[in-house]
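Subject: Structure for you to look at

Hello,

Here is the structure I promised to pass on. Please open it alongside this message.

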Amino acid sequence: MGVVVVQLGQGGNQMGYALFRCLASASDSFPDQFFRSSDKKGKTKARAVLIDMEPKVIHGIIGRAKSAPAQNNRAVWTYDARGVVTGDSGSGNNWACGYYDHGPYNLNSMLKAVRTEVEQCDVFGGFIILQSMAGGTGAGLGAYLVEALKDEFPSSFILCYCIWPYESGEVIVQNYNVVLTLSHLQSFADGIIILQNEQLSTICRTLLSIQRPSFDDLNELAVQGLGCILLPSYWRAIETSTRPVSRAASKGGSESKLSNENSGQSRVRILSDLLSSLCFHPGYKVLTLRFTPQVPAQSLAFTNFTWDAQLKYLRQMFITGAHKELEMDWNIQLPRSAVHDNKQGMLSPAVPCLVNRSVASLLILRGNESEYVDVSGFADDRLYPIWQVDPLSVASSSSMYGRYELATCLISNCQSSVLPASRALTKGYNMLASRAYLHQYFEHGMEHASFDSAFASIEDIVCRYSTL
Amino acid sequence: MPRECITIQAGQCGNQIGCKFWESALREHAAAAGNQGAVFDDALSSFFRNVDTRYKPPREIKPRGGNTPILSLKARAVLIDMEEGVVNQLLKGQLSDLFDKKQYITDNSGSGNNWAQGHEFYGPKYSESILEKIRHEAESCESLQSFFMLHSLGGGTGSGVGTYILELLDDNYPKVYRFCTSIFPSAEDDHVVTSPYNSLLSTAKLAEHADCVLPVENQALIDIIRKRESLDARLEAGQRLPSSITSKGSKAIQGKSFDQMNGIAANLLLHLTSSMRFEGPLNVDLNEITTNLVPYPRLHFLVSSIAPLSTSGRLVQRPQSINQIFTEVLSRDNQLMKASPSSYTYLACAFLMRGNFCTITDLNQNVSRIQQRLHMVHWNTEGFKTGLCHQPPLDSPLSLLCLANNTCIGSRFASMKESFSKLYKRKVYVHHYTEYMDPGVFEDSCCQVDDLIAEYAALEVLRPPDTVQRLKSVLSNI
């Protein structure tokens with residue numbers, strides 16, 4: 001089954017390259033869902049479409065892919081030249097330029113490249129879109145493309161993996177751009193994972209001993225969690241009995257039909273299972289990722305990893321809405337009783353109790369004995385609304401993930417995902433009230449009403465999550 | 001597929017700066033090519049054309065796959081002057097091969113430091129010819145992104161013909177960005193008596209027809225050079241020199257100093273376009289600069305400053321840290337304009353860094369540090385745009401260009417208006433202008449500049465409103 005990755009804009013393309021490198025090196029063979037071998041010379045190609053309105057970045061990463069040294073005695077992988085769509089002039093950080101000008105103009109060539117790649121899949125599993133939300137191409141053109149893809153492939157899944165800009169400002173009009181993009185993705189994508197540049201940078205500096213992280217460092221960290229989800233894994237139950245002698249005793253946790261004949265477990269289908277367990281409600285689509293361990297590369301050999309410790313940190317990160325292992329507030333605990341009062345979450349305007357409440361979560365464990373670890377702490381009733389009867393799905397794989405003996409990744413549809421949107425909204429209103437920069441958008445055919453409806457849509461999203 | 005820029009040099013000053021710019025650009029690209037030898041790639045193609053002169057007419061060679069050999073480089077430029085001296089000198093000098101016959105227009109008699117003569121007489125006279133030459137350049141571009149206008153505002157040709165060309169470009173190529181590097185006359189050493197008229201009349205046109213203006217003041221350049229010279233002398237002598245050498249008494253500007261001044265202005269252009277010409281992890285195109293730094297259409301005048309500053313292309317003596325460079329770039333001594341942005345309000349600010357060893361984190365950390373020191377307008381407290389290009393400049397391993405949209409420009413325009421009024425009250429020299437144009441043009445331009453000053457002043461005193469109206473979600477009632 002194949003999944004097509006669409007890399008959009010400078011941020012998306014740089015991340016896409018890091019992602020394919022991660023997927024290629026994390027296991028013994030190239031995962032079939034993300035790579036395919038080209039007929040004539042047997043070269044491995046990534047199932048990717050690269051789109052940018054200026055050519056420099058794409059040429060750069062194609063060059064890097066070609067000249068990369070062979071890993072693990074395998075041939076290198078490359079990008080297929082037919083999947084590249086570039087424009088000339090860039091979008092100038094202008095969302096309206098990306099959406100109203102470049103989008104329609106390049107639609108045919110983009111759809112053609114996408115269709116070519118989709119046709120190469122035996123069974124098509126859906127799209128993963130990599131984009132940044134602050135710029136012009138990733139954000140504006142991305143929003144247009146997601147709409148177009150939903151039109152063209154109405155029954156396919158679309159997961160957007162989006163970079164949220166530094167709050168100290170990367171692009172001055174970023175508050176407008178993120179609001180506009182998120183409102184469009186909310187309508188047309190099936191799931192939206194938000195990754196904050198700020199958090200990546202903090203993790204690099206405080207936990208990974210990289211004092212001055214470059215974009216390469218940030219991208220590598222950014223795709224770690226995503227790679228952990230996308231590699232093969234198998235469903236398991238939340239509570240397992242103590243380590244059984246025969247492996248046939250483990251139960252599958254969902255209704256997936258694909259099975260691995262060796263161990264009797266059913267395999268997680270990328271995108272369809274992921275999205276159906278997390279984003280089953282059209283109003284709740286915004287997800288976050290939390291990954292452990294967060295340890296510098298040079299310390300990996302000297303650190304003793306245990307499941308208990310990893311899961312303890314991960315659970316507290318989940319409860320407090322934090323993203324890094326250190327400096328969490330361990331005082332924040334779940335309330336004694338399971339009072340399902342929707343005024344208790346972190347977004348509550350009344351008295352926020354700072355607990356991060358969720359709609360649903362998916363936990364993936366990789367490493368030895370991951371099938372037997374107890375994860376019932378993540379399924380605690382007090383973290384989820386009363387109408388959620390089956391909040392947690394768990395998958396595992398006994399193989400190592402890259403250099404990590406044990407790795408855990410938690411994707412949750414929770415309140416902390418919309419906190420950055422809420423902040424951007426406030427700043428955006430401020431700018432909108434002064435009518436600053438609006439002429440840049442109107443020049444490309446946008447109207448004030450579009451701004452109003454985008455802001456309204458984000459207000460709705462924030463409101464929904466705050467009532468969890 | 002590069003984004004090409006066509007440079008238009010108008011008047012004596014414009015052509016001299018242009019000359020310096022082309023020289024430095026060639027050296028930069030040569031340095032970037034390094035030992036492999038230069039090939040005609042996308043980077044070079046943004047400012048140069050590659051032609052095979054064995055054919056008549058010479059055949060264009062496009063960059064293909066980065067291995068195209070360089071045959072004969074021609075600058076993508078149009079040179080205009082109403083006197084022959086400067087352009088002829090350029091064509092006889094080292095850069096003569098860069099330009100061919102179809103790229104320049106000259107006349108004999110000059111514009112007499114008269115904006116009206118430039119704008120109303122020479123402009124229309126040569127408009128067909130100008131458009132023809134620009135069209136010739138534009139046709140050889142695959143995807144033209146912007147026009148760069150180099151001119152001064154104090155004289156006649158640069159200001160008059162220059163602004164006329166700007167209007168032509170606005171009419172004929174509305175989607176192409178128009179960037180102007182305009183040299184404002186200096187208060188001290190100004191030999192041109194009619195310069196207040198010329199500057200004001202030009203400013204009115206720039207506000208209307210340019211997309212972005214980078215004003216450069218002669219006075220600022222002079223001060224930079226004097227300071228630099230005294231600093232260099234002290235460093236070389238290794239001792240403290242008596243203060244008389246560092247006095248600010250006005251000296252006659254010598255030829256060498258003009259060259260250095262032009263060099264600084266050319267540096268501004270090089271840094272501005274470095275992201276388009278070279279690779280970097282965070283590219284900033286010209287259209288991004290306009291989108292981020294121009295919140296209201298007419299407020300597009302940016303105060304620029306560069307650190308470190310070099311005048312004669314010698315290597316900067318002291319190796320500098322990134323933090324130091326950020327602090328330096330905000331000092332008044334590094335600005336190319338005499339103004340005090342720190343006492344006024346910043347509307348938006350861009351930092352474009354060039355250098356090999358700087359990372360995005362360094363940039364962000366410094367921006368957060370600086371954010372607290374600057375007074376930003378309330379709706380844009382995080383209004384910073386950052387860019388990073390890996391190719392360092394010729395004379396230093398690291399350099400930073402800061403472009404600030406700041407309300408101090410309003411006060412600069414106010415003083416320009418004052419000098420204008422002093423002359424206009426008595427209608428001195430006005431008859432030279434009314435020979436070519438309607439006297440109403442003075443009044444109109446005055447009004448326009450007044451409006452501009454008022455807009456900046458309003459933003460200066462703007463206070464955040466008590467409440468901002470927000471849309472209310474229907475779900476909040478559930």
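This is a predicted model: local features need pLDDT of at least 70, side-chain atom pairs count only at pLDDT 80 or more; totals for chains, interfaces and linings use all residues.

Chain B: fold and overall form

Chain B holds 14 helices and 15 strands. Its radius of gyration is 23 Å, close to the 23 Å from the globule rule for 478 residues, so chain B is as compact as a globular protein of that length. The C-alpha trace spans about 75 × 70 × 60 Å along its principal axes.

Chain B: interior and contacts

How much of chain B is buried? Of its 478 residues, 60% count as buried. Among contacts in chain B with a separation of 6 or more, 83% join residues 24 or more positions apart.

Chain B: surface and charge

The accessible surface of chain B is about 19,600 Å². Carbon and sulfur atoms account for 50% of that surface. On the charge side, chain B carries 47 positive and 51 negative side chains. The centres of these two sets are 4 Å apart.

The interface between A and B

Here 51 residues of chain A touch 53 residues of chain B, counting heavy atoms within 4.5 Å. The two chains bury about 4,200 Å² between them, and carbon and sulfur atoms give 50% of that area.

Best wishes

Definitions and conventions:
Residues are numbered from 1 along each chain as its sequence is written. Chains are lettered from A and ligands numbered from 1 in the order in which they are written. Side-chain values use heavy atoms; hydrogens and water are left out. Helices (H or I, at least four residues) and strands (E, at least two) are DSSP runs, numbered from the N terminus. The radius of gyration is taken over C-alpha atoms; the globule rule is 2.2 Å times the number of residues to the power 0.38. Buried means under 20% relative accessible area, exposed over 50%, partly exposed in between (1.4 Å probe, protein chains only). Accessible areas come from the Shrake-Rupley method with a 1.4 Å probe; for residues, only the protein chains shown count as cover. Lys and Arg count as positive and Asp and Glu as negative; His and the chain ends are not counted. The place of a charge is taken as NZ of Lys, CZ of Arg, CG of Asp or CD of Glu. Buried area is the accessible area (1.4 Å probe) that two parts lose on being put together, summed over both.
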